[in-house]
Amino acid sequence: MDQKTQDAAARNSRWVPAISSATFASIGAYIMTHAAAEAARVIFRFGLWPAALELWGIAPKDPRANEWKTARWKGGQLVMPGLAPLALPAVAAKAHARNGVTGAMTHCFNRWAWAQATFPLNGQAWTADIDALAVRRGGGKFARLDRSNVKYPPTDLNKSGPTHAATCGTLVRIEIERATGALRIAKAYSVLECGQALVPEVVLGQAQGGFAMAVGFALLESLPPYEGGPGNGKWNLGQYVIARGSDLPLHDLEVEVLSPIDSDERPKGMAEVVMMPAAPALINAIYDATGHRFRSLPVTQAMIKGALK
Amino acid sequence: MLTVTINGRAYGPREVRDELSMNDFLREYLGMTGTKFGCGAAQCLSCAVIIDNPDGTSDTSPTCIVPAVSFNGKSIRTVEGHAKNGELSPLQKAFITHFAFQCGYCTAGFLNEGQVLLERLARNPVARADLEKTIAEALDGHLCRCTGYIKYHEAVRAVILADAGRYLSRA
């Protein structure tokens, strides 16, 4: 849409440019974790934090009452320097009892930057990177809040491509047997940055699986068009060859996931990115070993042998 | 006619047509859907079950293109038979703690293969230096598209190393 259309539409406080965005790989995780984080932040600021202050006996005028950003959750407890840790169930029960905010629904929109708006909460103007908000108090029903001062990113940012993607680089060391062209991956190293990894074991598993997929693309998987290929309806895994354990450096793939820039860096999500650099790394390694630059995939054992003459 | 013992329970005798696959018998006739159907060409082994032989050894077998009647008189284990009284087997627990699987489609096959390997090593331990190669050879027939295999291998190895006296030789 053009800027004029967006500006006019945004005056309707219930309008958003898109209900949901693409969910491919990195961008899906980045957008969805953002909406969830913003909802959690509203619940914390206007439900759990005031409840905690009451449990700690901290008066509203006490300067510590404004230090909600210093609080941390550790082992299911709310921790503030110099105060007794509070277990989440107790804080939540107090939030319910005093009719604080106990639920929040947010909508967010990103176009190289987050849309931002202001919402009235507890007599304050709450400005956040969201464009719609509903809350519930205690055991009550959700109610939409009216936004003001909505700021949408300019429409000409649509010209830019996908953003907020994780990045990954891969190194491989290969060995090629001259007599047969057989290739063995001796060692591989991938370095990945994805912001905050919410479940590191799953991130690592995806990185390992992505590397295996690249090995298939680069060295094994062939899908010729027309009758000689899977279009003839007769292909199965005997013809479409994917990587097995024996094709991979099972104990020599190191994945380094870089730490977030700071403790507040958001998750970026990662998925395809851990596959992408491994295929060109392998083909570049084959060039380095043989002097022959292959320009289509897969590069099979027979092709490598042919290039070694 | 088909009579088969599955996870210690006898099924049959039952009339089934000759070309009924063991995979269809398990999944469609018995509702035991833990065993999966992947390629239907005995390539991926997501359909594999354990056959317990009379001599005390065990093997895995595909079920996708193997007739059910060829299992007549046999005793087999499927993924549903590993847990006892609601408690997961050591290998099942290791798969979980090591995040060994992702979508789970190949997992029953890997579990059966890994379990057969553990039982084989308990009868014939191998040297520690040969362990990674032994695991790799045992699991290499199983295809997985999600994981890149590494955590499956680490989980199996962890179970073996946690009970090295049982699975590894002194050599």
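This is a predicted model: local features need pLDDT of at least 70, side-chain atom pairs count only at pLDDT 80 or more; totals for chains, interfaces and linings use all residues.
Residues are numbered from 1 along each chain as its sequence is written, chains are lettered from A and ligands numbered from 1 in the order in which they are written, and side-chain values use heavy atoms, with hydrogens and water left out.

Let me stay with the charged pairs for a moment. Over all chains, the count comes to 17 salt bridges. In chain B, one of them joins Glu19(B) to Arg17(B), with N and O 3.4 Å apart. For accessibility I call a residue buried under 20% relative accessible area, exposed over 50%, and partly exposed in between, using a 1.4 Å probe and protein chains only. Glu19(B), at 59%, is therefore exposed, and Arg17(B), at 44%, is partly exposed. Another salt bridge brings Glu87(B) and Lys93(B) together at 2.6 Å, N to O; here Glu87(B) is partly exposed at 47%, and Lys93(B) is partly exposed at 37%.

A further salt bridge in chain B, at 2.7 Å from N to O, is formed by Glu132(B) and Arg157(B). Because Glu132(B) sits in helix 4 (residues 131–139) and Arg157(B) in helix 5 of chain B, this pair ties together parts that are 25 residues apart in sequence. Helices here are DSSP runs of H or I with at least four residues, strands are runs of E with at least two, and both are numbered from the N terminus.

Now to the place where the two chains meet. How many residues does each chain bring to the contact? Chain B gives 21 residues and chain A gives 25, where contact means heavy atoms within 4.5 Å. The area buried between chain B and chain A, that is, the accessible area (1.4 Å probe) that the two parts lose on being put together, summed over both, is about 2000 Å², and carbon and sulfur atoms give 57% of that area. Between these chains the count is one salt bridge, which Arg145(B) forms with Glu221(A), their closest N and O atoms lying 2.8 Å apart. On the side of chain B that touches chain A, helix 5 (residues 150–162) of chain B gives the most, with four residues.

Turning to the aromatic residues, twelve aromatic pairs are found over all chains, a pair being rings of Phe, Tyr or Trp (its six-membered ring) with centres within 6.5 Å, called stacked when the planes are under 30 degrees apart, edge-to-face when over 60, and tilted for the rest. The rings of Trp68(A) and Trp126(A) have centres 5.9 Å apart and planes at 50 degrees, so this pair is tilted. Trp68(A) belongs to the loop between helix 2 (25–56) and strand 1 (72–74) of chain A and Trp126(A) to strand 6 (residues 124–128), so that the pair links distant parts of the chain, 58 residues apart. Trp68(A) is buried at 15% relative accessibility, and Trp126(A) is buried at 10%.

In Phe109(A) and Tyr152(A) the ring centres are 5.9 Å apart with the planes at 75 degrees, so the pair is edge-to-face. Phe109(A) is buried at 12%, and Tyr152(A) is buried at 12%. Ring pairs also link Phe44(A), Trp49(A), Trp56(A) and Trp73(A) into a cluster.

I will end with two single residues. Thr118(A), in strand 5 of chain A, is buried at 10% relative accessibility, and, leaving aside neighbours within four places in sequence, is in contact with residues including Trp126(A), Thr127(A) and Asp146(A). Phe37(B), by contrast, is partly exposed at 39% and has its place in the loop between helix 1 (22–29) and strand 3 (49–52) of chain B. The C-alpha atoms of Phe37(B) and Cys47(B), ten residues apart along the chain, are separated by 5.4 Å.

Note on methods
A salt bridge is a side-chain nitrogen of Lys or Arg within 4 Å of a carboxyl oxygen of Asp or Glu.
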